[in-house]
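Dear colleague,

Please find the structure below, handed over for your study.

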Amino acid sequence: MSHHFRLIAATALALAGAGHAAAQTAPPQKKIYCWEENGRKVCGDALPASAADRARTEISIKSGLPTAQVDRALTEVERSAAQQAADAARRQAEAEAMQKRRDLAMVESYMTEADLRRAYGERTALLDETLKASRLGITTLHASLLSLLRQAGDRELGGEPVPPSLIRSILQQHAELLRQRQILLAQEQDRAALENELDDSLRRYREMKGGAAAATAAPAADK
């Protein structure tokens with residue numbers, strides 16, 4: 001290779017490298033920014049600090065075409081609401097994933113629907129026994145309270161003062177009766193919830209079993 005040819009090649013490479021470096025350091029394309037201000041459209045080749053959080057359209061000076069649409073910045077309240085919505089969605093996704101795992105475990109634990117019903121039947125029987133005991137206790141408390149009230153009434157009718165101890169007993173029995181009724185109400189709600197849970201579990205169990213059966217039947221049909 002001659003000295004003259006090597007000089008030409010070196011010059012060409014240098015020019016190519018300079019062109020590449022120039023392309024890398026070329027300034028960004030200038031833009032026109034358009035935004036709303038006091039109900040009117042404002043445009044400029046620079047974005048003032050007062051408009052930094054506003055919704056705007058960015059337009060290329062070279063082509064005259066929009067290159068970006070920037071939404072306005074969220075307020076503190078909107079950011080908080082968006083975060084709450086994101087947290088709620090995450091919790092919902094976690095709950096759905098956990099429910100899916102429970103459904104899979106349910107299908108693996110109970111071979112038949114009768115097995116599932118039997119398991120719920122044991123829980124139902126326990127709740128029914130608890131309800132029976134609570135209702136009996138309330139009946140006994142009610143009868144005791146009536147007896148105390150009769151004693152107080154008889155004393156008043158006989159012109160005798162009602163002893164403070166009897167008044168305290170009446171108040172205590174009445175408060176306990178109200179408390180036991182609240183407990184009974186919660187137990188009845190638990191019983192109804194268990195019934196709904198059984199219906200829901202049976203529905204999901206049938207869906208899971210049906211899906212498993214379909215998945216098993218599909219490969220067999222392909223053979």
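How many residues does helix α2 have, and what distance does it reach from its first C-alpha to its last? Helix α2 (residues 76-109) has 34 residues and reaches 49 Å, close to the 50 Å expected at 1.5 Å a residue; the expected span is 1.5 Å times one less than the number of residues. Its buried residues are Asp103, Met106 and Val107, where buried means under 20% relative accessible area with a 1.4 Å probe, protein chains only.

This is a predicted model, in which local features need pLDDT of at least 70, side-chain atom pairs count only at pLDDT 80 or more, and totals for chains, interfaces and linings use all residues. Residues are numbered from 1 along each chain as its sequence is written, and side-chain values use heavy atoms, with hydrogens and water left out.

The protein chain contains 4 helices and 4 strands, in the order α-β-β-β-β-α-α-α. Helices (H or I, at least four residues) and strands (E, at least two) are DSSP runs, numbered from the N terminus.

The average pLDDT (the predictor's confidence in each residue, from 0 to 100) is 81 for the protein chain. Confidence is lowest in helix α1 (residues 3-24), with a mean of 47, and highest in helix α3 (residues 113-157), at 94.

Threonine 57 lies in strand β3 (residues 56-60). Leaving aside neighbours within four places in sequence, threonine 57 is in contact (heavy atoms within 4.5 Å) with residues including Tyr33, Pro66 and Gln69.

Yours sincerely

Methods:
Buried means under 20% relative accessible area, exposed over 50%, partly exposed in between (1.4 Å probe, protein chains only).
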